[in-house]
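I opened my notebook to look up a few things in this structure. My notes follow in the order I made them.

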Amino acid sequence: MKEITIKKILSFLKETLDTILFVLIAVIVIRFFIGELRWIPSGSMHPTLVEGDRLFVEKLTKPVREFQRGDIIVFYPPEEFLKKDFLSVLSRLTGIYCKDIAFIKRIVGMPGDKLEIKSENDGHFVYINDKRLDEPYILSKTDWTQCRDDMYCGPFTVPDNNYFMMGDNRGNSQDSRYWGFLPQNRVVGRAVFVFWPLNRIKKLTQQG
């Protein structure tokens, strides 16, 4: 009787461990190759994204489609140190107890772009290759953080394999103006749609 009970316990434990392992592998595969869910904690992307928005970040096109100006990207900021021990990597892959800080901003400058932020009578504007960039998605053209000498406001050329990132709320966004260029290998994925709350469901585009 005891042997039968022990065998049942061992069989149950094996099935449970197999199930847990399968779920972990499935989650890793989905998050690594397909996409993941994220939520918005701050107001740096107003009015496009607001606090509490839940969105889907896709990774399917990352290996085959170059990101484009206007894409909304989730990424690890350059100054964020990513631990590479087993548990840290596992938490990053599964999203379980992951404490890595990720930002969400919009690509404004592409590799090779000449970029400059200018203050003019009617507001603040980004110039790409000496042409004013049309940005219908920003919160305000006047409510911007004034450029200082220690900020990245140009003129400069965006290096190869890097992006210049900015939040749509230019008066309240810790973006490339403060910490510089974003290496492409720090990108998590492209935000494609908001799925929650229900009254906020929408597709995210390069124009808004």
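**Entry 1: Ile34 and helix α1.** I looked up Ile34 and found this residue in helix α1. I keep in mind that the model is predicted. Is Ile34 buried or exposed, or in between? Ile34 is partly exposed, because its relative accessible area is 37%, and the buried class needs under 20%. I then checked Ile34 against Thr94, which is 60 residues away along the chain. Their C-alpha atoms are 13 Å apart.

**Entry 2: Helix α2.** Thr94 took me to helix α2, residues 86-94. I listed the buried residues of α2: Ser88, Ser91, Arg92 and Thr94. After α2 comes Gly95. I noted a positive phi for Gly95, near 85°.

**Entry 3: A nonpolar patch.** I went back to helix α1, which covers residues 2-34. Which residues form a nonpolar patch on the surface? I found Ile6, Ile9, Leu10, Phe12 and Leu13. Together they have about 510 Å² of accessible area. I picked out Leu13, which sits in α1. Leu13 has a relative accessible area of 43%, so I put this residue down as partly exposed.

**Entry 4: Salt bridges.** How many salt bridges does a search of the whole structure find? I wrote down 12. I followed a few of them.

One joins the side chains of Lys59 and Glu36, at 2.6 Å from N to O. Lys59 is in the loop between β2 and β3, and Glu36 is in strand β1, so this pair ties together parts that are 23 residues apart in sequence. I checked the cover of both partners. Lys59 is buried, at 11% relative accessible area. Glu36 is also buried, at 5%.

Next I took Arg132 and Glu120, whose side chains meet at 2.5 Å, N to O. Arg132 belongs to strand β7 and Glu120 to strand β5, so the pair connects parts 12 residues apart in sequence. Arg132 is partly exposed, with 41% relative accessible area. Glu120 counts as partly exposed too, at 28%.

Arg132 also has a salt bridge with Asp122, at 4.0 Å from N to O. Here the loop between β5 and β6 holds Asp122, and the two residues are 10 apart. Asp122 is partly exposed, at 35% relative accessible area.

I noted one network as well: salt bridges with shared partners join Glu36, Arg38 and Lys59.

**Entry 5: The largest pocket.** Arg38 turned up again when I looked for pockets. The largest pocket has a volume of about 580 Å³. Its lining has 22 residues, and the closest to the centre are Arg38, Trp39, Pro41, Ala102 and Phe103. Which elements give two or more residues to this lining? They are β1 (35-39) and β4 (103-109). β1 gives the most, with four residues. By type, I counted 11 nonpolar, six polar and five charged residues in the lining.

**Entry 6: The cavity.** I searched for cavities of 30 Å³ or more and found one. The largest cavity has a volume of about 30 Å³. Lys114, Leu115, Glu116, Lys118, Tyr127 and Asp130 line this cavity. Strand β5, residues 114-120, supplies the largest share of the lining, four residues. The lining divides into two nonpolar and four charged residues, with no polar ones.

Note on methods: Residues are numbered from 1 along each chain as its sequence is written. This is a predicted model: local features need pLDDT of at least 70, side-chain atom pairs count only at pLDDT 80 or more; totals for chains, interfaces and linings use all residues. Side-chain values use heavy atoms; hydrogens and water are left out. Patches are made of residues with over 30% relative accessible area and no salt bridge: like charges are joined within 9 Å, nonpolar side chains (Val, Leu, Ile, Met, Phe, Trp, Tyr) within 5 Å. Accessible areas come from the Shrake-Rupley method with a 1.4 Å probe; for residues, only the protein chains shown count as cover. Buried means under 20% relative accessible area, exposed over 50%, partly exposed in between (1.4 Å probe, protein chains only). On a 1 Å grid over the protein atoms alone, a cavity is a set of points where a 1.4 Å probe fits but cannot get out, and a pocket is an open set with protein on both sides within 12 Å along at least five of seven lines; lining residues have an atom within 4 Å of a point. Grid points are joined across faces, edges and corners, and a volume is the space filled by probe spheres set on the points. Ala, Val, Leu, Ile, Met, Phe, Trp, Tyr, Cys and Pro count as nonpolar, Asp, Glu, Lys and Arg as charged, and the others, Gly among them, as polar.
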